[in-house]
Amino acid sequence: MTETPLPRTPAWPPKSAPRLFVGEGLAQGRTVTLDGPQAHYLGKVMRMRAGDIVILCDDVTGEWAARVIDAGKREVVLEVAERLRAREAVPDLWLCPALLKKDRFDLVLEKATELGVARIAPVITRRCVADKLNPERARAITIEAAEQCARTALPELAEPVKLDALLGGWPEGRALFFADENAKEQGGEPAAAAFAAHSGPAAILTGPEGGFDDAERAAIRAHPQARPVSLGPRILRGETAAIAALSVWMASAGDW
Ligand code: SAH
């Protein structure tokens, strides 16, 4: 006689539960009051009501299911119910992208977060068109991307530094994979092979719209931890190079 399958309980928390990063530490039973854009999102956009479930992360303790207690016009009050996941350990990969024009760098920030990077350390090089980054705006992009892709750990976001400062303070034991568009002439392993052959902390350095100049290229190649890599025979835009190199790394040495 065939067993009648048990009724499948609906997934909990519901897949549709909104996910937000909040500033304060989360703990069982704690009350969290959200206002401003987060209250608007929950109350007006997602039309959350008392009893509905929201997933909250604090980038420290992990991911929690919280129940809406009161969804008012200006504030939404929630009670933290239970922890769903601890804060994840993401692969120890940094991205050091040269600053690009705003909308293209926004894309790098968003995609690097989705792709699982641990830290984004922007670099200022001689041919950078942009020479500064709005930290609040950049942070908001990484938070939104982390909420969308269900990360429980935000990527660290460093202040932009000049290339020589980056090289001068480079940490021991971390490989610096240098995406060199001149790898054909000046040498450089295919990225996938170089990444797969390396285990341990790593970083990927990519250049700006105008590429690296010869002096910069020589300084990078002179660094003991620099490993020049090729991203193929075509010249990729800076944002394409950053996103493609991250993808190759995640597939060869990351957590895909
Ligand atoms: N304007 C330059 C290219 C800049 S491309 C030129 O025409 O030569 C922007 C950055 O993307 C480069 O500095 C490099 O870091 C990376 N990149 C682009 N294509 C690449 C390739 N085929 N191999 C390795 N890195 C590449």
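Below are legends for a set of close-up views of one predicted model.

**Before the views: ground rules.** In this predicted model, local features need pLDDT of at least 70 and side-chain atom pairs count only at pLDDT 80 or more, while totals for chains, interfaces and linings use all residues. Residues are numbered from 1 along each chain as its sequence is written, and side-chain values use heavy atoms, with hydrogens and water left out.

**Figure 1. The protein chain as a whole.** The chain's secondary structure comes to eight helices and 14 strands. Helices (H or I, at least four residues) and strands (E, at least two) are DSSP runs, numbered from the N terminus. Taken along the principal axes, the C-alpha atoms fill a box of roughly 65 × 55 × 30 Å. Of the 256 residues in the chain, 44% are buried. Here, buried means under 20% relative accessible area, exposed means over 50%, and partly exposed is in between (1.4 Å probe, protein chains only).

Figure 2. The ligand takes up the space of the largest pocket. A pocket, on a 1 Å grid over the protein atoms alone, is an open set of points where a 1.4 Å probe fits, with protein on both sides within 12 Å along at least five of seven lines. A molecule sits in one if more than half of its atoms lie within 2 Å of the grid points. There are 19 residues around the ligand, and Ala179, Glu181, Glu209, Leu231 and Arg234 come nearest; to be near, a residue needs a heavy atom within 4 Å. Strand 14 (226-230) and helix 8 (238-253) each supply at least two residues of this shell. By type, the shell divides into eight nonpolar, seven polar and four charged residues. For that tally, Ala, Val, Leu, Ile, Met, Phe, Trp, Tyr, Cys and Pro are nonpolar, Asp, Glu, Lys and Arg are charged, and the others, Gly among them, are polar.

**Figure 3. Backbone atoms facing ligand nitrogens.** Which residues put a polar backbone atom by a ligand nitrogen? One is arginine 234, with a backbone N or O atom 2.7 Å from a nitrogen atom of the ligand. Leucine 231 has a polar backbone atom 2.8 Å from a ligand nitrogen, and for glutamate 209 a backbone N or O atom lies 2.9 Å from one. On its own the ligand has 560 Å² of accessible area, and the protein covers 83% of that. The areas come from the Shrake-Rupley method with a 1.4 Å probe.

Figure 4. Aspartate 106 belongs to helix 2 (residues 102-114). With a relative accessible area of 15%, aspartate 106 is buried, and its side chain makes a polar contact with the side chain of arginine 137 at 2.7 Å. A polar contact is a pair of N or O atoms within 3.5 Å; within protein, one must be able to donate a hydrogen and the other to accept it, and residues adjacent in sequence count only if both atoms are side-chain atoms. Histidine 223 is in the loop between helix 7 (214-222) and strand 14. This histidine is buried too, at 12% relative accessibility. The side chain of histidine 223 reaches the backbone oxygen of leucine 167 at 3.2 Å.

Figure 5. Most residues other than glycine have a negative phi, and most peptide bonds are trans. Arginine 47 has a positive phi of about 50° without being a glycine. Its place is the loop between helix 1 (36-45) and strand 3 (53-57), and arginine 47 is exposed at 56%. Alanine 150 also has a positive phi, near 65°. That alanine is in the loop between helix 3 (135-149) and strand 9 (156-157), partly exposed at 26%. As for the peptide bonds, a cis one, with omega about 0°, joins tryptophan 12 and proline 13. Proline 13 lies in the segment before strand 1 (19-21).

Figure 6. Proline 5 is in the segment before strand 1 and is exposed at 72%. Its C-alpha atom is 42 Å from that of leucine 34, 29 residues apart along the chain. Asparagine 182, in the loop between strand 11 (175-179) and helix 5 (183-186), is partly exposed at 23%. The C-alpha atoms of asparagine 182 and aspartate 214 are separated by 9.9 Å, with the two residues 32 apart along the chain.

Notes. 1 Å grid on protein atoms, 1.4 Å probe; cavity = no way out; pocket = protein on both sides within 12 Å on 5 of 7 lines; lining within 4 Å.
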